[in-house]
Amino acid sequence: MQNRDGDFGELALAVFRHQFEQCAPYRRYAQQLGRSAESVSYWRDVPAVPTDVFRELDLASFPLDEATSAFHTSGTRDGRPGTHVFRDLDLYDLAISLTFAKAMGIGSE
């Protein structure tokens, strides 16, 4: 399917479909909003999860016992920290490296 936002749009939709299929709490949330892997055809229609949800649910598209890292919010607002778990940090590290390189003008030729 051709997407009006090119590669980004296609990738965003692929990630949504994967998370919809693999993360039951996210799937239930999306379905409550009337969204499904079949009905969402534009990345801006992908339901964003409110940050408070990370205080209540473990959202992961992989078995939680495979998590190698976790980021925690401070919990200063209501005393309950939120958690975001990762199977690995490869994509996170790549995103930071590319963003840093772009900001510093490295490798832009």
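Tutor: Helix α4 covers residues 90-104, 15 residues in total. From first C-alpha to last, α4 reaches 21 Å in this predicted model. That is close to the 21 Å expected at 1.5 Å a residue. α4 is hardly covered: among its 15 residues, the buried count is 1. Just after α4 comes G105, with a positive phi of about 75 degrees.

Now the pocket. α4 supplies at least two residues of the lining of the largest pocket, and so do α1 (6-22) and β2 (83-86). The space in this pocket is about 1,100 Å³. The lining is made up of 21 nonpolar, 4 polar and 2 charged residues. α1 gives the most to the lining, with 7 residues.

The largest nonpolar core has 9 residues: L13, F16, F20, C23, Y26, A30, A37, V40 and L59. Both α1 and α2 (24-32) supply at least two residues of this core. α1 again gives the most, here with 3 residues.

Setting aside neighbours within four places in sequence, F20 is in contact with Y26, R27, A30, Q31, R35, S36 and A37.

How values were computed: Residues are numbered from 1 along each chain as its sequence is written. This is a predicted model: local features need pLDDT of at least 70, side-chain atom pairs count only at pLDDT 80 or more; totals for chains, interfaces and linings use all residues. Side-chain values use heavy atoms; hydrogens and water are left out. Helices (H or I, at least four residues) and strands (E, at least two) are DSSP runs, numbered from the N terminus. The expected span of a helix is 1.5 Å times one less than its number of residues. Buried means under 20% relative accessible area, exposed over 50%, partly exposed in between (1.4 Å probe, protein chains only). On a 1 Å grid over the protein atoms alone, a cavity is a set of points where a 1.4 Å probe fits but cannot get out, and a pocket is an open set with protein on both sides within 12 Å along at least five of seven lines; lining residues have an atom within 4 Å of a point. Grid points are joined across faces, edges and corners, and a volume is the space filled by probe spheres set on the points. Ala, Val, Leu, Ile, Met, Phe, Trp, Tyr, Cys and Pro count as nonpolar, Asp, Glu, Lys and Arg as charged, and the others, Gly among them, as polar. A nonpolar core is a set of buried Ala, Val, Leu, Ile, Met, Phe, Trp, Tyr and Cys residues joined through side-chain atoms within 4.5 Å. Contact means heavy atoms within 4.5 Å.
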